[in-house]
Amino acid sequence: MKIIIVGCGKIGVSIIKQLIIEKHDITVIDQNTDVINDITNNYDVMGFVGNGASYSVQKEAGVDKADLLIAVTGSDEINLLCCLFAKKFGNCNTIARVRNPLYNKEIAYIKDELGLSMIINPEYAAATEISRILRFPSADKIETFAKGRVELLNLVINEESPLVGKTLIEVSKRISSDILVCSVERNDDVFIPNGAFILREGDKITIIASAVHAKEFFTKIGYDTHQVKDTMIIGGGRMTFYLAEQLLKMGIKVKIVESDRAKCETLSETFPKATIINGDATNQEILLEEGITGCDSFVALTGIDETNIFLSLFARTRTQGKIVTKIDRINFNDIIDTFKLSSLIYPEKIAADYIVSYVRAMQNSIGSNVATMIKLNSGKVEALEFTITQGSPVVGIPIMDLNLKRDILIGCINHKGKIVAPKGQNVIEVGDTVVVITTKTGLNDIKDILE
């Protein structure tokens with residue numbers, strides 16, 4: 001597809017990287033000449049310097065031939081204007097990044113009135129992911145498929161885990177639960193495991209299951225499955241606003257520590273049921289006075305990565321609760337991983353993944369049957385949800401008889417709303433959706449999983 005991206009900041013670059021792998025025709029627009037030169041020198045894209053909200057600039061970039069325009073500049077209003085022009089003059093699909101909480105309650109209206117295909121809010125999307133983690137604190141990360149019926153959960157195997165030293169066949173026999181271990185990350189390596197694979201302490205595994213079966217599995221291996229009772233959030237920015245709103249609705253007690261008094265007053269007015277502390281969280285005494293040692297969860301959401309990391313490391317020495325750390329700089333994730341913080345949240349990456357998933361869904365109408373795509377294990381693994389149509393080569397054949405390519409695993413089958421953890425004798429039918437886990441990239445059709 002021909003795609004125009006307006007705005008080449010962190011999220012723009014993340015989208016460019018992923019869409020180039022998907023072999024799309026990418027054109028980028030940014031007002032900064034140095035940024036455009038850097039992008040075009042490092043990536044196989046066409047670049048234009050100018051205001052993406054200008055019709056003449058969009059026309060020069062080929063908006064009349066584009067399939068999709070993605071506006072991710074730092075201004076909500078410019079993003080919306082870019083999409084309005086692209087829709088009016090190019091009649092292409094449009095995606096806008098809109099971050100301001102003032103617009104959040106009007107998102108549906110804005111989307112419909114401007115004819116937008118999608119609105120992405122990185123802070124809201126990240127807050128939603130954090131709320132999922134706090135609902136199920138034993139997992140480091142949770143993704144969903146099949147309209148929420150299927151969950152992908154990450155967890156790290158600790159030394160006390162009954163999984164240590166067991167093959168996946170042994171795990172299946174000893175812990176009878178309808179789940180599937182679909183990927184294992186060990187140091188720098190990622191595996192799509194078979195039944196003989198032996199789990200070790202420190203492995204980061206991803207399981208796929210329905211929400212009920214996932215909870216059952218975690219209970220059987222001795223992990224906590226109850227949502228947290230309370231949380232301490234550091235920082236009072238946009239993400240805190242969205243997160244506090246969601247957690248309070250879940251019945252979780254919220255305490256927010258923010259150094260800016262004006263922000264504290266706004267938060268206090270907006271969330272009267274939350275406890276708002278005006279103070280500097282880098283002062284350990286304040287955190288201790290406010291009860292960090294007894295909190296069920298701790299979420300570092302300041303605007304400075306280093307502060308979030310150090311606060312989380314301090315929290316790890318003072319509480320047994322769940323710790324969540326926001327990171328903005330994606331390029332340093334290898335270094336950050338060495339700190340062994342449990343749950344890391346990358347808002348811009350989450351937003352980019354949502355957009356790439358939408359692009360995959362767009363391809364569904366022009367030859368692909370990928371309904372949803374999610375990146376796992378720092379992008380090394382893809383989980384793809386395929387819609388099974390008439391004439392598919394996988395229909396009616398037991399899974400054990402399918403000639404699957406290496407490093408491909410059928411994770412689950414959604415048959416008329418019933419979630420099935422596939423076994424060798426299971427058969428895929430027309431109308432099913434199937435989640436496939438793979439280290440390969442560029443799968444666009446369910447037939448691509450076969451040799």
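I started with the layout: the chain splits into domain 1 (2-120), domain 2 (230-320) and domain 3 (366-449). I keep in mind that this is a predicted model.

**Entry 1. Domain 1 against domain 2**

I looked up the spacing first. The centres of domain 1 and domain 2, taken over C-alpha atoms, are 34 Å apart. I then asked how many residues of each are in contact. Four residues of domain 1 touch four residues of domain 2.

Next I wanted the size of this interface. Accessible area lost when parts come together is often the figure given. Here I note about 400 Å² buried between domain 1 and domain 2, with carbon and sulfur atoms giving 50% of that area. Which residues of domain 1 lose the most area to domain 2? They are Arg 99, Pro 101 and Asn 104, which together make up 86% of what the domain 1 side buries.

I checked for charge pairing between domain 1 and domain 2 and found zero salt bridges. I did find one residue pair in polar contact across this interface, both residues at pLDDT 80 or more. I sorted the domain 1 residues on the side that touches domain 2: one is nonpolar, two are polar and one is charged.

**Entry 2. Salt bridges**

I counted 16 salt bridges by the rule used here. I picked one of them: Glu 348 pairs with Arg 97, and their closest N and O atoms are 3.4 Å apart. I traced where the partners sit. Glu 348 belongs to helix α15 (residues 347-363), while Arg 97 belongs to strand β5 (residues 93-97). The two are 251 residues apart, so I log this pair as a link between distant parts of the chain.

**Entry 3. Aromatic pairs**

I searched the whole structure and got nine aromatic pairs. I wrote down Phe 85 with Phe 89: 5.9 Å centre to centre, 45° between the planes, a tilted pair. Both lie in helix α4 (residues 76-90). They are four residues apart, about one turn of the helix.

Terms used: Residues numbered from 1 in each chain as written. Predicted model: local features only at pLDDT ≥ 70, side-chain atom pairs only at ≥ 80, totals over all residues. Heavy atoms only, no water. Domains from an automatic or database assignment. Contact = heavy atoms within 4.5 Å. Buried area = accessible area lost by both parts, 1.4 Å probe. Salt bridge = Lys/Arg side-chain N within 4 Å of Asp/Glu carboxyl O. Polar contact = N/O pair within 3.5 Å; in protein donor to acceptor, adjacent residues only side chain to side chain. Nonpolar A, V, L, I, M, F, W, Y, C, P; charged D, E, K, R; others polar. Phe/Tyr/Trp six-rings, centres within 6.5 Å; stacked < 30°, edge-to-face > 60°.
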